[in-house]
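Visitor: Please show me the model, and let us then discuss its features in turn.

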Amino acid sequence: MNDTLPDLPPVETMDPRPQPKPLFHFWRCFWLTFLVVSLGYAWHCFYVPANEIAWAKDYASAKQQAAKTDKPILLYFTANWCVPCRVMKRQVWADSQVKELVNAEFVPVAIDVGDPENAEVMAAYAIQGPPVTIVCDSQGEVLDWRAGRISQPVFLELLDSSH
């Protein structure tokens with residue numbers, strides 16, 4: 001038998017690390033990009049800028065204030081979990097033209113559909129889910145309404161047609 005070892009290259013010339021596979025690098029970059037884009041989209045969906053609307057505390061106080069000032073009531077049925085509501089808060093309620101018109105001509109009140117205290121108001125206006133925008137006279141009678149997410153021009157049209 002032959003006990004000789006095969007010819008191996010010297011240890012100094014051997015690369016101790018295996019070379020990374022190009023496919024592994026591609027997938028690592030792909031998933032990292034996917035994560036960054038997903039986080040950006042989630043932030044965009046849930047980011048709501050502060051608005052300067054003078055919201056009434058609740059429906060009863062809005063009705064009292066509307067009776068005193070003889071202004072129509074603007075009911076906005078919303079929820080924290082409602083993505084179209086957040087989009088409206090970002091694109092409609094934060095708009096300066098909307099802010100000026102609503103604060104000058106209406107008594108606005110945001111009603112959380114998830115709050116059990118608002119169940120009576122929701123039943124009175126037959127609200128199934130958010131977002132719903134209703135314009136009422138000072139006694140609470142419906143003048144005009146829109147269900148679902150609406151854009152800023154449609155919202156301004158709703159306000160103009162109501163008073």
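Visitor: Are C82 and C85 buried or exposed?

Guide: This is a predicted model, in which local features need pLDDT of at least 70, side-chain atom pairs count only at pLDDT 80 or more, and totals for chains, interfaces and linings use all residues. Residues are numbered from 1 along each chain as its sequence is written, and side-chain values use heavy atoms, with hydrogens and water left out. Buried means under 20% relative accessible area, exposed over 50% and partly exposed in between, with a 1.4 Å probe and protein chains only. By that criterion, C82 and C85 are both buried.

Visitor: What is the S to S distance in the disulfide of C82 and C85?

Guide: A disulfide is a covalent bond between the sulfur atoms of two cysteines. Here it is assigned to a pair of cysteine sulfur atoms within 2.5 Å, and the structure holds one. The link of C82 and C85 is right-handed, with 75° about the S-S bond. The S to S distance between C82 and C85 is 2.4 Å.

Visitor: Which residues does Y125 touch, not counting residues up to four places away in sequence?

Guide: Y125 is buried, at a relative accessible area of 14%. Contact here means heavy atoms within 4.5 Å. With residues up to four places away in sequence left out, Y125 touches Y59, L75, F77, I134, C136, G140 and V142.

Visitor: Which residues do ring pairs link into a cluster?

Guide: Rings of Phe, Tyr and Trp (its six-membered ring) pair if their centres lie within 6.5 Å; planes under 30 degrees apart count as stacked, over 60 as edge-to-face and the rest as tilted. The structure holds 10 aromatic pairs. In one of them the centres of F26 and W27 are 5.1 Å apart and the planes stand at 75°, so the pair is edge-to-face. The cluster linked by ring pairs consists of F26, W27, F30, W31 and F34.

Visitor: How many residues apart are Y59 and Y125?

Guide: The ring centres of Y59 and Y125 lie 6.1 Å apart with planes at 80°, so this pair is edge-to-face. It links distant parts of the chain, with Y59 in helix α2 and Y125 in the loop between α5 and β3. Y59 is buried, at a relative accessible area of 17%.

Visitor: How many Å apart are the end C-alpha atoms of residues 24-43?

Guide: An unreviewed UniProt entry places the feature "transmembrane region" at residues 24-43; UniProt positions are given in the numbering used here, feature names are shortened, and annotations may be inferred rather than shown by experiment. Over residues 24-43 the chain is 100% helix and 0% strand. The end C-alpha atoms of residues 24-43 are apart by 29 Å.

Conventions:
Helices (H or I, at least four residues) and strands (E, at least two) are DSSP runs, numbered from the N terminus.
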